[in-house]
Amino acid sequence: MDAGTRQRQGGGLAEVTDCLWAKDCQSCGQPLADGNRAPALAVDDMGEFALASLHHDRCRRSGWNDSGHVSGAPSSMPTLSNASQMLVLSFPGRPGQWAMMVTNPALEAIPIRPAGDGWAVSLRPLTDVGLKAAELEIGAAAAVPGATAAAGAGSATVTMTVLPFDSYTAPAGAPELRLAREQGGLVWGVSYALHPANLTDAAMGAEMKSGRLIAGWVALGRD
């Protein structure tokens, strides 16, 4: 990361870097695994919000772009990765279990917003869907209005029914699918700070307490 980007990121630098995962370059779409060579962090600053993204340094140098023009790959190149994992969720002191999908919707590029002396990760438009950074309330009364779920053969999918209409799918075993079908839905948890392929109870607990994991109940759609 260049000194200028580090300075302008200010107090939010650690949070932003914690929420970026080096999978594919957001310029060329090829894997970022270059031995010990760190990816370049580029920020496209649009004023009220910005996009922080990872690149090969040969594709795009680390830097802060405040020209008003977003640099990067052509819109037709699907460079941004996401990851989801299904699990069985239980709460200490609360009976019962629920199917839960944990999603990181953007591994290599995240939206950020001005905050204090720097920038912080923005959870919009995910909060606009109805996900909340609060203690999970299970059941239809806490249903997320902007998403629907489906339980298929060996997988589960959550689809946003409002902009940007994104859809996320995770492999699902018999226990998760059974619970989702019996209860008519699943808990959907979203965090840029978690990689669903490497979930731990400690990491999940920490993100729930920090507010960086937002969640809600997503009902199964009608067949």
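Q: How does Glu 207 count at its relative accessibility, buried or exposed?
A: The model is predicted: local features need pLDDT of at least 70, side-chain atom pairs count only at pLDDT 80 or more, and totals for chains, interfaces and linings use all residues. Residues are numbered from 1 along each chain as its sequence is written, and side-chain values use heavy atoms, with hydrogens and water left out. Relative accessible area sets the class: under 20% is buried, over 50% is exposed, and partly exposed lies in between (1.4 Å probe, protein chains only). Glu 207 has a relative accessibility of 8%, so this residue counts as buried.

Q: With which residue does Glu 207 form a salt bridge?
A: Side chains of opposite charge can pair when their charged atoms come close. A salt bridge here is a side-chain nitrogen of Lys or Arg within 4 Å of a carboxyl oxygen of Asp or Glu. For Glu 207, the closest N and O atoms are 3.0 Å apart, and the partner is Arg 212.

Q: How does Arg 212 count at its relative accessibility?
A: Arg 212 is the salt-bridge partner of Glu 207. Because its relative accessibility is 22%, Arg 212 counts as partly exposed.

Q: How many salt bridges does the count come to?
A: One of the pairs is Arg 60 with Asp 44, whose closest N and O atoms are 2.9 Å apart. This pair links distant parts of the chain, 16 residues apart: Arg 60 is in the loop between β2 (50-55) and β3 (63-65), and Asp 44 is in strand β1 (residues 40-45). Both Arg 60 and Asp 44 are buried. By the rule for salt bridges, the count comes to five.

Q: In which helix do Arg 178 and Glu 182 both lie?
A: Arg 178 and Glu 182 form a salt bridge, with 3.3 Å between the closest N and O atoms. Arg 178 is partly exposed at 43% relative accessibility, whereas Glu 182 is exposed, with a relative accessible area of 55%. Helices (H or I, at least four residues) and strands (E, at least two) are DSSP runs, numbered from the N terminus. The two residues are four residues apart, about one turn of the helix, and both lie in α4 (residues 174-183).

Q: Which residue in β7 is the bridge partner of Arg 113?
A: Two strands pair if DSSP finds at least two bridges between them. An open sheet of five strands has mixed pairing and the order β3-β1-β2-β6-β7; its edge strands, β3 and β7 (118-121), each pair on one side only. Strand β6 (residues 109-115) pairs with β7 in the antiparallel sense over four bridges. In β7, the bridge partner of Arg 113 is Ala 120.

Q: Which residue in β9 is the bridge partner of Thr 148?
A: An open sheet of three strands has antiparallel pairing in the order β8-β9-β10. Its edge strands are β8 (147-151) and β10 (167-171), each pairing on one side only. Strand β8 is joined to β9 (residues 155-160) by five bridges. In β9, the bridge partner of Thr 148 is Thr 159.

Q: What separation is found between the C-alpha atoms of Gly 216 and Met 100?
A: Gly 216 is found in strand β12 (residues 214-219) and counts as buried, at 11% relative accessibility. Leaving aside neighbours within four places in sequence, Gly 216 is in contact (heavy atoms within 4.5 Å) with residues including Leu 131, Val 144 and Trp 188. Gly 216 and Met 100 are 116 residues apart along the chain, and their C-alpha atoms are separated by 9.7 Å.
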